[in-house]
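Student: Could you go through this structure with me? I'd like to hear what the terms rest on.

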Amino acid sequence: MSDKKSNHSEISKKQNSSASKAANRPGMTRRQALGVGGATLASAALASVLPASTPAKAQGMRGSHAGGMGAMNEPKPKPKSRPRPAGKPGTYTYPRGNDFYARSVDDWDGFEPGRPGEHYTPVVVPNGVTLPHKIVDGVKIFHMVVEEFLHTFAPGLQAMCWGFNKQLSGPVIEAVEGDRIRIYVTNKLNTKTSVHWHGLLLPSGMDGVGGISQRKIQPGETFMYEWTLNQYGTFMYHSHTDTMTQEGMGLTGMFIVHPRKETEKRADRDFVMLLGEYDIVPGTYRPDPSVFSGFNTLTFNGNCFPGTDPLIAKQGDKVRIRVGNLSAMSHHPIHLHGHAFQIVETDGGAIPPERRHPETSVLCAVGQARAVEFIADNPGDWAMHCHMTHHTMNQMGHGLPNVLGIDHRKLDSQVANLLPGYMTMGANGMGGMAQHAQHMEMPENSIPMVGAPGPHDYIAMGGLVTVFKVREELASYDDPGWYNAPKGTTATTATRSDLRRDGIKI
Ligand SMILES: [Cu+2]
């Protein structure tokens, strides 16, 4: 869209100038500016120890041919001619052992920082933001502060959470394959932390696992993570120190890497959705990360329905929805109405077109990421939700006594003598609970288990629910309101003549 382009070109200009400054620094090559030892050096070293006429594969086969006398008669290879692992201390060699990694180029050194508009179409984050960056000497610089803050999950429900830059989920990190990135993490918690870059191929010491790959970041300290992105795809980041507590308090986020070269047509709408779950006991203001099950606050990008922003697309748009799951204990089958899609990426790599298959739900287990794609070809308002029924509920309603089907009128009048206003909830299900709640005193800091007013009726859902809105025409991607369905395309009451015509007896 034209307004977007003008924004991007402004950003591009700034980025161009700092990138060329780096490249023009006297006496410094681009590789030095980027601080990369790199695979080119490593492969040159490997080439120097292999006879030029002998492919590496043949060399390997000869070494492994253990049986037979012929092998004994061959001259023993001198130690120096044996292929060694590439790389040397102080350098990092890009991992190249698996051809299924999602990569659009063969080498990642020397690229300018990727620019929005030119190298990628920026992602859309409902209820969220992307992490701003600046460019210093050709390196993309990010900064995140880990701290406690008051987060609103939906109107009426707040809790003190731990987040990156006061966001739950954390701001989406967005970059391009071949970008050199440097991420500063400042710890403002009263406890140690570290950040793991989930699914990313990087030097072991940058992996962020407290104790294994690094010393933990002490309260008040700022750590620096730096590497060159040598893959593209849908990834995540999260605390990897006391993860039960720290992820359970909200230290999670998504990390998107766009391909340096276009592999397929870009999505017009590229949505990022992080799934999460928290246990907030009504009347309290802090998630309880120690529970094993029974999480009562289920979130898309840190918000539960009706607090979730809709996803907006125009008919004909190519849509990508990237889903990551950093819930504590729950897998989520995310179901989209009105469309089918193909799963095109996991956090392990891209799925080749010939191996994709159609689905209408994508199961995203804890610690997994999935990207699905499709054309938005069906105008309307379409629910998108987790298909686990307890995950489309909010706080007030799990684990209640089962009163389904009982006649509670007598009971209510008796108990009301002791507890004025008492009303048994759930005799006909939970759908009416939110409406009852309008007339009842609710516990402090709690929201009804379901509910928001819809265009046709009350919506009896909460938690992991949002709406995918597709319109024939759109002036902008702002929320267009509810769908105005063409006449005769909405389910409604059957008339007597309908029933008579089709022989339906009621
Ligand atoms: Cu679920």
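Student: What share of the contacts between residues at least 6 apart in sequence join residues at least 24 apart?

Tutor: It's 76% in the protein chain. A contact here means that two residues have their C-beta atoms, placed from the backbone, within 7 Å. Keep in mind that this is a predicted model: local features need pLDDT of at least 70, side-chain atom pairs count only at pLDDT 80 or more, and totals for chains, interfaces and linings use all residues. Numbering starts from 1 along each chain as its sequence is written.

Student: Why does proline 113 count as buried?

Tutor: Buried means 20 or more other C-beta atoms within 10 Å of the residue's own (exposed is 12 or fewer, partly exposed is in between, and C-beta atoms are placed from the backbone). Proline 113 has 24 C-beta neighbours inside 10 Å, so it counts as buried. Its place is in the loop between helix H5 (69-73) and strand E1 (134-136). Helices (H or I, at least four residues) and strands (E, at least two) are DSSP runs, numbered from the N terminus. Across the 506 residues of the protein chain, 38% count as buried.

Student: How do you know that E4 and strand E9 pair, and in which sense?

Tutor: Two strands pair if DSSP finds at least two bridges between them. E4 and strand E9 (residues 252-258) have four bridges, in the parallel sense, so they meet that definition. Alanine 175, for one, stands opposite valine 257 in E9. The open sheet has four strands in the order E4-E9-E8-E6, with mixed pairing.

Student: What makes strand E4 (173-176) and strand E6 (195-198) edge strands?

Tutor: Each pairs on one side only.

Student: Which residues touch the most other members of the largest nonpolar core?

Tutor: Phe255, Val272 and Met273, out of 85 residues. Such a core is a set of buried Ala, Val, Leu, Ile, Met, Phe, Trp, Tyr and Cys residues joined through C-beta atoms within 7 Å. Strand E10 (residues 269-278) gives the largest share, six residues. Leaving out residues up to four places away in sequence, valine 272 touches Val123, Val125, Val172, Met254, Ile256 and Arg322.

Student: What is the average pLDDT of the protein chain?

Tutor: It averages 82, and 74% of the residues score at least 70; pLDDT is the predictor's confidence in each residue, from 0 to 100. Over residues 1-74 the pLDDT is below 50, though this stretch has 72 contacts in the model beyond near neighbours in sequence. Where pLDDT is low, the predicted coordinates should not be read in detail.
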